[in-house]
Amino acid sequence: MSLLNVESLRVSYRTRRGRLEALSNVSLSVGEGEVMGVVGESGSGKSTLGLTVIRLLPGNAVIESGSVRFNGVDFLRLPEEEVRKMRGRVISMVFQDPYASLNPVMKIGEHFAELFLEHGAASSEEEALREAGEILERMGVPRERLNDYPHQLSGGQRQRVAIGLALALKPRLVIADEITTALDALVEAQIVELLKEVKASYRTSMLFITHNMGLVAEIADRVTVMYAGEVVESGRVDEVIRDPMHPYTKALLSSVPRIGGPKDVKPIPGEPPDMHNPPPGCRFHPRCPFATGNCRVEEPVLKGIGDRYVACHLW
Amino acid sequence: MSPATSGRELLRVENLKVYYPLRRTLEEILAGVRRFLRAVDGVSFSILEGESLALVGESGSGKTTVARAIVGLVEPTEGRITYNGYDVAAFRGRELAMFRRSVQMVFQDPSVSLNPRMRVGDQVKFPLDVNKIGSKEERRQIVLETLKRVGLVPPEDFYNRYPHQLSGGQRQRVAIARALVLRPRLLIADEPISNIDVSARAQILSLLKELREEMGLTLLYITHDLSSAWAVADKVAVMYLGKILEYGRVDDVFTNPLHPYTRALLSSVPSLSPEQKLRKKLLLSGEVPNAINIPSGCRLHPRCPFASQKCRVEEPSLLDAGNGHLVACHLYG
Amino acid sequence: PRAPAVKVKDVLVIGTTDSIQTTLDPAEAYDYLGVNIIENMGEGLFAYEPGTARIVNKLAVSYTVSADRKVWEIKIRRDAKFQDGTPLTAQAVVWSWNRTITLNQDPAFLIADLIEKAEAVSDDTIRVYLKQPFEETYVKSLLATWVAFPVNPKTSPMEVVKPPRTLDMIGPYKLGAWKPGEYIELVANPNYYGDPPKTPRVIIKFYKDAQSLRLAVENGEVDVAFRTLSPADIKDIMAKGQLQVVSGPGIAPIRYLVFNTAKEPFNDKRVRQAIAYLIDRNQIVNTVFMGQFAQPLYSMVPIGFLGHKDSFKEKYGDRPNIEAARNLLRQAGYSEANPLRIELWYTPVRYTPAEPDIAAIIKQNLEASGVIKVELKSADWATYRSLFKEEKIACWLLGWYPDFLDPDNYVRPFYHSKANGWLRVNYKNPTVDRLIDEQVLQPTDQRLKTLAQIQDIVADDAPIIPLWQEGQFAVAQKNVKGIVLDYSQIFRYWLIYAEVKG
Amino acid sequence: MRLPRGFGEWGILVGGLLTAIFVAMAIASTFVTIGNATESYVVVDGRRVEVPPLMPPGYTLEVGGKRIVFLMGTDQLGRDVFARVVGGARFVLTIAFLSTAISAVVGVLLGLLSGYIGGLFDRAVSLLMDSMYAMPGLVLAIAIAALLGVGVLNISVAIAVVYIPSYYRMVRGVVLSLKSSPFVEAARVAGAGPWAIVAKHVLPNTMPAIVSLLPVSFADAIITEAGLTFLGLGIEPPTPDWGFDLNKGRQFFLAGYWWIGVFPGLMIVLSVLGFLMLGEGLNEVMNPRRVEA
Amino acid sequence: MGLKEYVLSRLLLTPVMVFVLLSVVFVLMRVLPGDPITMLEGKNIPEDVLARRRAELGLDKPLYQQYVDYIYSIFVKFDLGYTALERIPVSYLIATRLPATVELAIASSIVAVAIGVALGVLTARYQSALVKTAVRVYSSVVYSIPVFYIGMLLQLVASKSIGLPTTGRLSPVNMVVLDTLPFRTGFTLIDSIIAGRPDIALDFLSHIVLPATALGLYLSGVFTRVTYLAVEDSMSQEYVRAARSRGIREWGVVLRYGLRNALIPLLTMGGLQIAALLGGAVLTETTFNWDGLGLLVYEGILKRDYAIVQGTVTIYAVIVALVSLLVDITYAYVDPRVRY
Ligand SMILES: Nc1ncnc2c1ncn2[C@@H]1O[C@H](COP(=O)(O)OP(=O)(O)OP(=O)(O)O)[C@@H](O)[C@H]1O
Ligand SMILES: Nc1ncnc2c1ncn2[C@@H]1O[C@H](COP(=O)(O)OP(=O)(O)OP(=O)(O)O)[C@@H](O)[C@H]1O
Ligand SMILES: [Mg+2]
Ligand SMILES: [Mg+2]
């Protein structure tokens with residue numbers, strides 16, 4: 001039994017232009033201590049997935065069907081207050097923009113103290129700060145930084161703080177939504193190293209959301225590839241990279257030039273679909289070189305092939 | 001590898017410095033001290049006709065500033081820029097206008113580099129208008145062709161759209177079209193793929209490559225994404241804090257990086273191959289210091305695992321390590 | 001059962017919308033409230049007896065007038081003392097008059113034009129040489145004005161005393177505190193020779209508008225509201241009956257319409273007369289003053305005043321006479337096709353808040369002729385005054401507060417060509433000039449005839465059209481007693497008191 | 001037809017409706033006589049009939065078999081309050097319109113010049129504008145209104161002066177941020193001169209800000225106008241005007257004749273509200289803050 | 001630029017701003033027809049008396065000379081001059097009137113801020129469309145009601161049913177008590193404590209309720225709007241979502257994240273509102289017979305008393321400059337990013 005089981009999740013947003021289905025029938029599972037990478041281009045629904053799992057969707061989102069089971073409990077049906085108490089303690093999240101995800105008027109220490117006190121994990125502020133100092137150092141930030149405001153830290157340090165906050169209460173699942181996108185290459189590499197260490201020491205499960213297949217290859221155990229709100233493929237990372245089954249995964253992998261490799265780039269033709277009017281049938285068919293008549297009409301379902309899943313009529 | 005290099009030098013940048021004066025604090029005013037942000041601090045390179053040079057480096061290393069100095073958006077504090085062998089600073093009147101037309105730039109973020117209140121066609125046409133090229137009908141024709149050239153088909157359809165009705169990739173195409181419409185010889189592309197979607201990146205890259213091949217464009221490609229530089233450029237210059245630390249043919253530099261900084265950059269690229277995953281990475285500690293207090297000696301030394309006493313004091317100069325592969329590091333003194 | 005003991009409140013608050021325009025120096029003050037406060041802190045040789053229009057001796061005990069009526073000898077009281085205890089002397093009186101004349105401030109002419117010379121014959125006798133053989137009550141009424149009040153020579157400087165100070169005079173009250181623009185406190189003068197004031201302490205609180213004043217008196221913060229609640233409010237207050245309304249004869253201000261008779265089209269007497277025919281004083285009084293707070297006025301000499309004659313009513317009637325007006329205008333060359341266009345000016349804040357309404361009524365009255373087109377124009381007082389002073393406007397509304405209670409003060413400043421320069425009415429009629437000069441020298445019965453003659457002539461010439469005179473109304477709490485409103489226009493604080501139980 | 005959604009659309013609907021009503025009133029009062037707005041009499045069959053003053057709302061006058069209803073009563077001179085309220089719309093809206101136009105044009109021009117030219121000119125103009133901004137607006141308006149005297153144009157100018165700095169600051173701010181924006185730089189790289197840039201790139205982009213400021217400053221102008229005429233400045237009776245009539249009504253308010261002031265006051269509130277709502281609505285619809293795409 | 005430099009440059013700029021304003025006022029007032037002397041009673045005052053009065057005020061000198069004198073006396077002698085008719089020092093008048101305006105400004109700001117913040121927080125806490133709409137409608141409606149209209153209606157209600165005082169700052173009797181104190185600040189509340197008279201303090205409070213409510217309600221329109229928008233804005237920031245992802249309870253999020261960050265724009269707006277507040281005070285003071293600066297300047301303009309207008313304008317400019325200075329300094333406490 002996995003720690004997290006997402007089943008047939010359908011989430012939409014109410015917008016001015018009407019209903020926008022951000023997740024259509026998404027299923028995935030994350031095992032205990034496992035890192036699940038989620039890749040896909042912008043707008044494919046990665047963040048929506050992460051926010052649904054932690055139940056922090058914006059007000060105009062509607063969970064239409066499906067379930068998110070956490071340790072077997074249907075997370076979506078728990079009362080809000082209970083979910084709130086679980087957030088931070090059992091399940092937590094790190095966001096993309098380190099410059100925006102810390103409160104600019106609160107010291108780093110205050111962030112930690114607030115967290116500890118809120119969840120009763122410390123009895124006093126001093127205790128909380130002592131704990132926090134420890135965590136901070138494990139994240140590679142000097143303890144003295146507790147007395148600083150976020151703006152006094154560099155981007156990388158802030159993201160370390162955010163990760164520290166998410167891990168502080170040793171949650172069982174951390175959702176990391178593009179946490180390195182806003183960072184410079186060298187800093188990104190540092191954070192990736194940090195995550196690898198965290199993975200080894202905390203044994204926390206992780207939903208690692210990114211659009212960079214390379215990063216997934218670095219840290220994730222398994223990967224789920226999303227396209228236009230749907231899961232198109234999932235499986236063990238090395239297998240998916242070595243032998244992508246879905247044309248989209250293939251195209252994605254070959255669109256990135258590799259240093260030392262051939263110098264030609266093979267872009268995926270066309271544009272991603274307008275999510276208000278997704279194409280019928282397979283959503284990838286307008287851009288798919290292998291598309292057949294059937295692809296235009298019939299929506300492929302996610303089929304299990306060994307321990308891999310793919311949603312394509314070719315399989 | 002270079003499709004149309006004639007070997008003639010088109011643009012040369014010599015010892016370029018761009019300093020931004022900082023607002024002074026009270027004590028500084030009283031003490032008469034002036035402080036500067038040294039965005040570009042002595043950069044020299046040249047681009048041959050038809051060649052493609054990648055300028056790579058982390059955020060804040062001064063890449064954009066170099067580009068802005070070349071197109072005249074910022075006055076160099078020091079140094080010389082020559083075009084076709086002529087000093088750009090001496091250009092006046094028609095010469096200046098001709099030079100401006102022949103060097104065009106694509107800006108970093110397509111979501112802000114287009115005028116939100118102007119139709120796509122008019123934006124692309126605008127350079128023609130201000131340079132009074134062609135008749136009204138001709139201009140429209142040129143615009144349509146250019147739109148088609150950058151892959152915005154059917155061009156008539158895109159002509160009347162507003163930027164917010166386009167995807168990020170399409171906007172970047174418009175920005176490229178706007179730069180191309182004056183038929184420049186040198187195109188400066190400032191991180192054209194960093195703010196757009198993954199799948200559109202490859203499209204823009206291949207567009208740039210096509211343009212080079214078909215129009216014989218000379219390209220100054222600015223990026224922090226090394227793999228894209230690999231695909232697009234013939235030569236590469238690695239910048240750090242306003243200085244070039246390593247320069248050479250892409251293949252030489254990327255397969256045999258000399259400077260510790262270049263090595264760190266390369267090893268930070270996440271790799272898809274499992275073998276590389278196991279290879280020991282060279283990680284630099286800390287982050288780029290700000291350009292106001294540039295470290296003494298070699299500007300990388302506080303972060304460099306190989307730094308020696310010499311590095312702290314003496315600034316290494318960019319020297320040839322053989323075969324036109326230049327490096328500024330005491331390890332290769 | 002014994003009636004509950006009645007006590008008098010030891011502080012009384014009087015609210016007003018008036019303000020003190022300049023100082024409280026009798027040599028300079030020349031505005032209603034300033035003068036009135038001085039009248040409560042000082043007195044002259046003569047004074048009006050409260051409730052009547054009679055002039056009686058005050059600091060004077062007796063006087064004799066020479067045969068040629070040019071030299072007066074006045075004996076003064078010996079028991080009067082200034083606030084600091086200095087006894088009053090004839091020298092002090094003469095010094096005070098000289099001070100006023102020397103300082104030569106705005107109202108100085110009141111005695112400067114009267115007195116040639118004054119001297120102290122002894123400590124208690126003053127000899128006054130008049131400039132002309134003026135009529136007796138005329139002289140007394142001028143000597144009763146505040147500019148002639150003796151001030152303490154020991155403490156009074158030979159310059160105008162500025163707020164927040166005043167001078168040491170002989171009167172029931174002396175100045176307590178003064179916060180310019182906000183209030184004045186008067187306290188009983190311990191060295192006053194006469195009866196002490198009924199209320200030892202009086203606060204005069206200045207309000208910016210009639211509504212605030214009404215709210216304050218209804219709220220009980222103010223015991224007496226005097227000058228000026230709006231007619232509608234007074235009527236409402238009367239109807240509600242929670243407060244008392246005390247009324248008295250009004251001559252201040254009288255209101256009138258002035259023409260610059262040197263300017264087109266008002267240099268044409270027929271135009272002025274036509275306007276006199278058209279104005280409906282009753283409509284103004286009935287609408288704006290609710291029919292009971294003002295009276296139509298048909299002469300510049302107010303009703304109830306010595307020598308008053310309804311000359312305008314006799315000549316023009318008391319209802320608009322459109323036909324007569326049209327005839328005159330037609331003679332003057334105006335018609336429906338070529339109407340007379342005039343600008344009628346008024347100033348909105350100085351007199352009543354209803355000024356725009358009044359102007360609107362007059363406009364309507366004039367336009368009823370069908371031959372006149374009126375454009376209403378207004379300006380704040382400062383501008384307004386320079387406009388008519390510089391003769392930029394030719395038809396405007398004004399009001400008049402008397403300087404002293406004598407008909408002369410209602411004819412000379414308006415009609416005598418040597419005295420009406422300030423008004424820029426440019427009216428000069430040698431007959432009228434002569435008659436005005438004569439009447440101040442004539443004995444009363446003959447004077448009345450001369451005054452009647454003057455009023456008839458100026459009604460025919462119509463350089464100024466009198467409109468109405470406003471009554472005096474004080475609104476007070478029910479327990480307030482002793483309010484006397486009479487022709488003197490002096491609001492005597494020292495007579496007022498409020499009873500409280502216990 | 002669907003119902004409006006969200007505050008923005010409702011704002012446009014309600015605000016637009018109110019605005020339309022007032023504009024209609026203003027236009028109507030220009031062309032037709034509604035009642036005796038400026039005279040104390042009505043003319044029936046060529047005969048003048050004086051209307052009694054201070055009659056409560058709903059008062060009906062019967063003359064020669066005709067019934068004239070005074071919906072909002074009569075004022076202290078017997079004028080029809082309803083007619084005055086309607087007539088006031090014209091005066092008030094004209095002034096609001098003129099003053100908004102003047103301040104917008106002057107402010108925008110100065111802001112553009114200042115922002116684009118920069119340097120000493122910018123400093124001087126900014127100093128003047130900041131100084132004016134530091135001055136309580138109403139006091140400034142009072143001073144200028146007292147200076148200029150009565151009249152539509154005069155009072156409009158008095159109000160306009162107060163709001164010039166708002167436009168100036170806003171436009172200057174936008175220009176400064178646009179000046180260094182990449183698309184302006186792109187235009188410069190393309191060889192465009194300052195005028196082409198201002199005309200094609202800067203001005204159009206200041207428009208949304210200007211347009212969203214317009215209704216608000218229009219509403220402000222109405223309030224300021226009311227404040228000035230309430231203090232008795234700028235207006236020549238018997239011209240109907242809300243602020244002036246409200247002040248008049250205030251003098252009769254405590255005596256129980258509430259209708260003289262309450263109705264004009266209500267007009268001020270409703271018209272200001274109308275323009276505000278319209279402005280907010282437009283602003284929200286034009287510049288959505290959150291992406292609800 | 002550090003905070004210190006900013007504060008300093010603002011300080012240096014203030015006299016320049018005052019100078020510019022005064023020059024504007026000078027020009028404005030001198031082109032007006034009429035001068036304070038014409039304010040004298042419309043009587044037959046001899047011309048020579050008037051001419052002497054003009055000379056006393058220096059009004060007979062050429063205009064440029066008057067301008068130089070006047071700038072000189074303000075900037076070099078710190079002398080605001082004398083009123084034209086009463087010849088009271090303007091500085092004295094301002095000193096007696098300023099506290100009244102400050103009292104009104106503070107009291108109405110308290111009302112406005114209390115309402116604004118309460119409503120702003122309410123919307124953030126209960127993210128319901130109904131509450132939001134209600135709050136926005138409230139802010140628009142309240143903003144649309146002129147102060148004098150609210151004032152008039154409040155006066156009626158209060159005089160008819162509540163029995164609160166409806167005009168003035170204090171009962172006249174109490175006013176005299178405070179003014180005759182040997183030492184006094186001019187601020188009623190403080191003075192009544194000095195006098196040991198809590199009943200006077202109470203009297204004052206009952207007097208200020210209505211004007212403060214009228215002006216405060218009016219200002220609360222803007223305040224509510226800005227608070228609402230600022231809180232909305234800070235509540236839509238990523239850090240709010242991040243806080244929620246850590247299980248922080250909603251009230252904590254609203255207060256520590258939403259409100260605290262909204263304070264910064266609120267403060268800016270508060271600083272800008274000071275001029276509006278003082279402007280609104282003119283009308284409030286007129287309506288409630290509140291003897292403050294607003295009434296003073298209004299009367300000064302009508303009386304053409306240059307000295308009063310110029311003096312008041314100087315004070316206004318200085319107040320606004322000082323308040324914005326204060327705001328800038330307060331920034332440092334609210335927004336750590338400004339600190340250095
Ligand atoms: N609050 C919202 N209201 C309406 N639509 C939304 C909202 N948030 C996201 N969407 C839409 O839902 C779809 C999925 O968005 P989501 O943010 O989950 O994508 P993503 O994969 O995280 O993209 P990115 O890589 O850009 O972060 C997109 O089409 C997006 O436009
Ligand atoms: N107009 C300016 N005024 C002051 N400092 C500037 C200005 N423009 C750039 N800088 C500074 O100059 C340095 C170099 O900036 P530049 O934009 O050239 O870097 P870059 O390499 O292009 O970075 P990025 O990858 O973020 O675009 C930075 O520290 C930046 O903050
Ligand atoms: Mg996302
Ligand atoms: Mg850059």
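Visitor: Which residues of H5(C) are buried?

Guide: This is a predicted model, in which local features need pLDDT of at least 70 and side-chain atom pairs count only at pLDDT 80 or more, whereas totals for chains, interfaces and linings use all residues; side-chain values use heavy atoms, with hydrogens and water left out. Residues are numbered from 1 along each chain as its sequence is written, and chains are lettered from A and ligands numbered from 1 in the order in which they are written. Helices (H or I, at least four residues) and strands (E, at least two) are DSSP runs, numbered from the N terminus, and buried means under 20% relative accessible area, exposed over 50%, and partly exposed in between (1.4 Å probe, protein chains only). The buried residues of H5(C) are Ala210(C), Gln211(C), Ser212(C), Leu213(C), Arg214(C), Leu215(C), Ala216(C) and Val217(C).

Visitor: Why is helix H5 of chain C largely enclosed by the rest of the structure?

Guide: Helix H5 of chain C spans residues 210-219. It is largely enclosed because, of its ten residues, the number buried is eight.

Visitor: Which backbone nitrogen does a side-chain oxygen of Asp209(C) reach at the start of H5(C)?

Guide: A polar contact is a pair of N or O atoms within 3.5 Å; within protein, one must be able to donate a hydrogen and the other to accept it, and residues adjacent in sequence count only if both atoms are side-chain atoms. At the start of H5(C), the side-chain oxygen of Asp209(C) comes to within 3.0 Å of the backbone nitrogen of Gln211(C).

Visitor: Which residue follows H5(C), and what is its phi?

Guide: The residue after H5(C) is Gly220(C). Its phi is positive, near 90°.

Visitor: Which residues coordinate the magnesium ion (ligand 4)?

Guide: Donors are N, O and S atoms within 2.8 Å of the metal (3.2 Å for Na, K and Ca); water is not among the atoms, so sites may look incomplete. At 1.8 to 2.6 Å, the coordinating atoms are OG1 of Thr64(B) and OE1 of Gln108(B). This pair links distant parts of the chain, 44 residues apart: Thr64(B) belongs to helix H2 (residues 63-70) of chain B, and Gln108(B) to the loop between strand E6 (103-106) and helix H4 (110-113) of chain B. Both are partly exposed, with relative accessible areas of 25% for Thr64(B) and 28% for Gln108(B).

Visitor: How much of the accessible area of ligand 2 does the protein cover?

Guide: A residue is near a molecule or strand if one of its heavy atoms lies within 4 Å of it, and 13 residues surround ligand 2, the closest being Ser59(B), Gly60(B), Lys63(B), Thr64(B) and Thr65(B). Oxygen atoms of ligand 2 lie 3.0 Å from a polar backbone atom of Gly62(B) and 2.9 Å from one of Lys63(B). Accessible areas come from the Shrake-Rupley method with a 1.4 Å probe, and for residues only the protein chains shown count as cover. Of the 640 Å² that ligand 2 has on its own, the protein covers 65%.

Visitor: Which element gives the largest share of the shell around ligand 1?

Guide: Ligand 1 is surrounded by 16 residues, and Ser42(A), Gly43(A), Lys46(A), Ser47(A) and Thr48(A) are the closest. One oxygen contact, at 2.4 Å, is to an N or O atom in the side chain of Thr48(A). Strand E1 (4-15), strand E2 (18-30) and helix H1 (46-54) of chain A each supply at least two residues of the shell. The largest share, three residues, comes from H1(A).

Visitor: Which chains share the most contacts?

Guide: Contact means heavy atoms within 4.5 Å. No contact joins chain A and chain C, whose closest C-alpha atoms lie 48 Å apart. Of the eight pairs of chains in contact, the most contacts are shared by chains C and E.

Visitor: Is Leu54(D) buried or exposed?

Guide: Leu54(D) has a positive phi of about 60° although it is not a glycine. Its place is the loop between strand E2 (47-50) and strand E3 (59-63) of chain D. With a relative accessible area of 13%, Leu54(D) is buried.
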